[in-house]
Amino acid sequence: MDVILQFCINGLMLGMMYALVAVGFTLFFGVLDVIVFSHGDTVMIGAFAGLSMHWWLELFHPGLAMGWRLLWVLVAAIVAVVVVGVIVARFMIMPLRKAPALNTLLATMMLGTVLRESVRLFFPDGSNPKPFPHLLPDWAWQHGNLTLRFDNVILFLSGALVIVLVYLLINKTRLGMAIRAVAQDEEAAQLMGVNFTMIVLATFALGSAVAAVAGVMNGIYYNEINFGVGLLLGAIGFSASVIGGLGNVYGAIAGGFIFAFLQTLGAVALPFSSAFKDVFAFGVVIIIMALRPTGLIAEPSSQRV
Amino acid sequence: MFKPLQIEHLYLAYGSAFVLHDVNMEIPPNRITCLLGANGAGKSSLIRAVMGLTAPRKGSISFDGMDITHLAPHKVVARGISCIPEGRRIFPKMSVHENLLMGAYQERSKAKIAQRLEKVYELFPRLAERRNQLAGTMSGGEQAMVSIGRGLMPDPRLIVIDEPSLGLSPALVNDNFRIICDICETGTAVFLVEQNVRQTLAISSYGYVLSQGRVTARGTAEELKKDPQVEKAYFG
C-alpha cells in the first residue's frame, strides 16, 4: 500500500512537470497552429540559466538565504527562457508562417539540436551532467515505508500555483482574451484591433516562462541536469498536449498527468522491468492517438484555447 | 466632420492574378455607400485591402486625410474603422459578452465600454438575455446580431459591413437593413457590401458596381437603379 502511495506521489510530481511543458506546446499551437519542437530544449536552457545564477550567487553572495537563492534562480531561468522563446518566435517561427507547417516543425527540431549542442559545447564542461543545487529544505515526513518530502510538496504546490496563474491570465485578463481570440479566429481578432505580432510574442513569453519553472523543478527534483534533458521532456510534453487535444490548455494539463500515470503504471504494476516505463507510456500514447486522433478531449479544431 | 475614406488607383493581386484593377472610390461620412457585385468580383479583396489584411500592389487608401495603405489591421482599427466581416466570424468559444468586449478591444475606458454595451443590448435585447451563452452555440440570426453588435462596440467613424444578409431569413434581413439605417443616422459612415441589390439601393445614397475587379458603374442609388450595368454585373 505504502509503495503504491509513494509511486502516486512521484507520479504527481512528474505529472506536474509534464503538464507545465505541455501547456507551452498547446498555447503555441493554439495561436499559430505550429508545433515548436525545440520547446523541450528551452526547458533545459531554463535549468542551465538557473544553475548559472546559482554559481554566480555562490561566488558573490555566499551567505544568501535559501529562499532568496531559489527566487533568483527562478528569475534567471524565466528571463533566459522568455528571451530565447520570444527571439525564436519573432525571427524563426513568424517568418515561416507562410511556409508549410512541416517546415516549421523541421526548423524547430533543428533548433532544438542547436540549443542542445550549444550547451554541450559552450557551457563549462557542458557534456557532463551537472549537480543541481538543492534549494529547498530537506524535511521529510516518514510513515512506514512512505516518505513525503517537504520539497516535493512545495514543488507540486508551486506548479499548481503556476497553472492557476495561467488560468487567470487566459480567462480573466484583456491579454488572455486577446490570446483566446487569436486562437479562435486570427483574422477576426485582428479586425477587432488586436496587434497580432504582440499577442503571438506574449503567448511565447507566457509558454516559455511556464517552461522555465518546469526546468527548475526538474533540476531540483532530480538534483541533476544535463544538456539532453529537454529531448525527453519535449517528447513527453508534446505527447501530453496531443493526448489532451492540441490547443486545449486544460487538456494539456490532464495529458501531463495521464502520461505520468502511465509511466508510473509501467514502472510498478507491469511485469517487466521499470526501465521499460517510457516504452510502455509512449506505446499507450500511440494507441490513444490511433483511437482518438484529435485527443482524449476532442474538440473541433476551430474551437481552441 | 472627418474626411472620407478615399481609395485611389488601387491594384491588388494574389500572385500574378490581379483581382482589383485601378479601383477609385470615396466613402463620405453620414451616408450609406454600397458596393455591388457578383461573387468573385473582388468585393472581399477590396475590404481586405482597406482593413490592412492584404497589401495592395499599387495605389493608395486614405482615411480622414491620413494614408492607411500599408497599416497593419490593428492600426486601421485605431483610426476609427470597424469591420463586420463576411460570414460573421464571431469567436465561437467566447460568451456573447466577451465577443462584444473584443469589439471594444482598443477602448481603455471602462465607463465608455459599459455605455456602449448598454446601447448594443438595447438594440438587441436578445443578446442581453443570452450574454453568458457561448456565441458558437447560437443560431445564425443570433450570431449575426453578435457580429453587428461587436462591430458597433468600438464606436467607429466608418463601419464596413460585408454581406450581412448572407444566409439569413428574409425577416432577419429586413431587421438588418433597418439596423444599418439606424447606424448611419447616428453619424457613422457605412460602407455596405451586398449582393441583395434592390434592398441595398433602397437604403444607400451612393453606390459602386464592381465587376471582374473594375468599377463598371457608379452613381447615386437612383441612377444605379436604372443603370443596365448593375444587372450586367450580376447576370453577365
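## Salt bridges within and between chains

In this predicted model, the side chains of R97(A) and E186(A) meet in a salt bridge at 2.6 Å, N to O, a term that requires a side-chain nitrogen of Lys or Arg within 4 Å of a carboxyl oxygen of Asp or Glu. Because R97(A) lies in the loop between α3 (66-93) and α4 (101-122) of chain A and E186(A) in helix α7 (residues 186-191) of chain A, the pair ties together parts that are 89 residues apart in sequence. Helices (H or I, at least four residues) and strands (E, at least two) are DSSP runs, numbered from the N terminus. Over all chains, the structure holds 16 salt bridges.

E117(A) and R120(A) also meet through their side chains in a salt bridge, and both residues lie in helix α4 of chain A, 3 residues apart, about one turn of the helix.

A further salt bridge joins the side chains of D185(A) and R89(B). This pair crosses between chains, from the loop between α6 (174-184) and α7 of chain A to the loop between β6 (81-84) and α3 (96-103) of chain B. Salt bridges with shared partners join D185(A), E187(A), R48(B) and R89(B) into one network.

| Pair | N to O distance |
|---|---|
| R97(A) and E186(A) | 2.6 Å |
| E117(A) and R120(A) | 2.9 Å |
| D185(A) and R89(B) | 2.6 Å |

D185(A) is buried at 13% relative accessibility, whereas R89(B) is partly exposed at 29%; buried means under 20% relative accessible area, exposed over 50%, and partly exposed in between (1.4 Å probe, protein chains only).

Residues are numbered from 1 along each chain as its sequence is written, and chains are lettered from A in the order in which they are written. Local features need pLDDT of at least 70 and side-chain atom pairs count only at pLDDT 80 or more, while totals for chains, interfaces and linings use all residues, and side-chain values use heavy atoms, with hydrogens and water left out.
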